[in-house]
Amino acid sequence: MMQKYLVLVKLKPSKTLPFINSLSELSEQPMEGIRVNPSYNTFGTSDFAIWFEADSNENAIYFVGEKIRQMEGVKKILTMLATNIKEMNM
């Protein structure tokens with residue numbers, strides 16, 4: 001089962017275009033066990049929101065550290081595991 005993750009990205013000033021270029025080069029499946037979902041430009045404390053799914057926490061950590069964090073312009077990231085409330089047993 002794939003887990004959903006949200007990565008909030010804060011960029012260095014004037015580095016939006018290089019980051020967008022790097023992000024657009026990512027395939028939907030940039031590595032085994034990872035599927036990238038739509039990404040959004042945001043306003044406020046973060047500049048981008050990237051949704052992805054991973055088959056394990058290890059793959060999620062590797063993907064964020066080796067793919068997202070290494071993109072040009074990244075200043076800070078915050079990664080969160082997301083749970084669909086409808087899928088939870090209550």
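## A lysine in strand β1

At 28% relative accessibility, Lys-10 counts as partly exposed, because the class runs between buried (under 20% relative accessible area) and exposed (over 50%), with a 1.4 Å probe and protein chains only. The model is predicted: local features need pLDDT of at least 70, side-chain atom pairs count only at pLDDT 80 or more, and totals for chains, interfaces and linings use all residues. Residues are numbered from 1 along each chain as its sequence is written, and side-chain values use heavy atoms, with hydrogens and water left out.

The term salt bridge stands for a side-chain nitrogen of Lys or Arg within 4 Å of a carboxyl oxygen of Asp or Glu. Lys-10 belongs to strand β1 and Asp-47 to the loop between β2 (34-41) and β3, so this pair ties together parts that are 37 residues apart in sequence. Helices (H or I, at least four residues) and strands (E, at least two) are DSSP runs, numbered from the N terminus.

## The other salt bridges

The structure holds three salt bridges. One of them joins Glu-72 and Lys-15, whose closest N and O atoms are 3.4 Å apart. Glu-72 sits in the loop between α2 (57-68) and β4 (74-82), and Lys-15 in the loop between β1 and α1 (16-25), so the pair ties together parts that are 57 residues apart in sequence. Glu-72 is partly exposed, with a relative accessible area of 42%; Lys-15 is partly exposed at 28% relative accessibility.

Glu-53 and Arg-35 also meet through their side chains in a salt bridge, at 2.7 Å from N to O. This pair links distant parts of the chain, with Glu-53 in strand β3 and Arg-35 in strand β2, 18 residues apart. Glu-53 is buried, with a relative accessible area of 10%, whereas Arg-35 is partly exposed at 28% relative accessibility.

## Aromatic pairs

There are three aromatic pairs in the structure. One of them, Tyr-5 with Phe-52, is stacked, at 5.0 Å centre to centre and with 10° between the planes. Tyr-5 lies in strand β1 (residues 3-11) and Phe-52 in strand β3 (residues 48-54), so the pair ties together parts that are 47 residues apart in sequence. Rings of Phe, Tyr and Trp (its six-membered ring) pair if their centres lie within 6.5 Å; planes under 30 degrees apart count as stacked, over 60 as edge-to-face and the rest as tilted.

Tyr-5 is buried at 5% relative accessibility, and Phe-52 is buried at 0%. Together with Phe-63, Tyr-5 and Phe-52 form one aromatic cluster.
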